[in-house]
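Subject: Handover of a structure and its findings

Dear colleague,

Please find below the structure that I am handing over to you.

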Amino acid sequence: MPSFRYRAMDAGGKLVSGAIVAGSEREVADRIDQLGLVLIDKVAVGDSKPASSLSLSSLFNKPKAEDVTVFTRDLALLLRAGARINDGLELMAGDRDIGSLRPVIADIRSR
């Protein structure tokens with residue numbers, strides 16, 4: 001069975017990563033869901049490209065241009081007010097209205 005590395009977010013918005021041995025990507029997604037995590041991406045060991053980059057869910061959960069504009073404006077306001085970028089991203093990740101941008105913010109925070 002292949003081994004999959006994954007990145008996910010817990011209920012508190014913290015980034016979690018690990019590896020799962022599974023027969024398919026679907027099994028990985030099911031296990032992550034059972035753990036109460038939100039899957040951000042998964043990579044089969046030896047693969048160089050995230051398996052989630054072409055998934056149907058990523059096509060339908062793309063952020064709207066308006067959401068990106070609001071996110072960028074709000075982050076800029078926090079930074080101008082003196083917040084550190086990590087603190088600003090953490091604050092924004094906790095916002096319930098952030099919706100489909102949550103995985104994007106988590107990815108930015110982890111990088």
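Predicted model: local features only at pLDDT ≥ 70, side-chain atom pairs only at ≥ 80, totals over all residues.

Overall fold

The protein contains 5 helices and 3 strands. Read from the N terminus, the order of these elements is β-β-α-β-α-α-α-α. The chain has 111 residues, of which 26% count as buried. As for the contacts between residues at least 6 apart in sequence, 42% join residues that are at least 24 apart.

Strand S1 covers residues 3-9 and is mostly covered, with 5 of its 7 residues buried. Its partner is strand S2, residues 15-21; the two run antiparallel and are joined by 7 bridges. Within this pairing, tyrosine 6 has glycine 18 of S2 as its bridge partner, while methionine 9 stands opposite leucine 15 in S2. Between the two strands of the hairpin lie 5 residues, and in this turn glycine 13 adopts a positive phi of about 90°. As a general point, side chains in a regular strand alternate between the two faces of the sheet.

The second largest pocket

Which residues line the second largest pocket? The lining consists of Met9, Asp10, Ala11, Gly12, Gly13, Lys14, Val38, Glu90, Ala93, Gly94, Arg102 and Arg109. Helix H4 (85-93) and helix H5 (102-110) each contribute at least two residues to the lining. Sorted by class, the lining holds 5 charged, 4 nonpolar and 3 polar residues. The space in this pocket amounts to about 180 Å³.

Proline 63

Proline 63 sits in the loop between helix H2 (56-60) and helix H3 (65-80). Is this residue buried, partly exposed or exposed? Its relative accessibility is 32%, and therefore proline 63 counts as partly exposed, since that class lies between the limits of 20% and 50%. Leaving aside residues up to four places away in sequence, proline 63 touches Val68, Ser100 and Leu101. Proline 63 and isoleucine 98 are 35 residues apart in sequence, with a C-alpha to C-alpha distance of 9.5 Å.

Isoleucine 108

Isoleucine 108 belongs to helix H5, one of the helices that supply the pocket lining. Because its relative accessibility is 39%, isoleucine 108 counts as partly exposed. With residues up to four places away in sequence not counted, isoleucine 108 touches Phe71 and Leu89. From isoleucine 108 to leucine 89 the separation is 19 residues in sequence and 8.1 Å in space, C-alpha to C-alpha.

Yours sincerely

Methods: Residues numbered from 1 in each chain as written. Heavy atoms only, no water. 1 Å grid on protein atoms, 1.4 Å probe; cavity = no way out; pocket = protein on both sides within 12 Å on 5 of 7 lines; lining within 4 Å. Points joined across faces, edges and corners; volume = space filled by probe spheres on them. Helix = DSSP H or I, 4+ residues; strand = E, 2+ residues; numbered from the N terminus. Nonpolar A, V, L, I, M, F, W, Y, C, P; charged D, E, K, R; others polar. Buried < 20%, exposed > 50% of the residue type's maximum accessible area, 1.4 Å probe, protein only. Contact = heavy atoms within 4.5 Å. Pairing = 2+ DSSP bridges.
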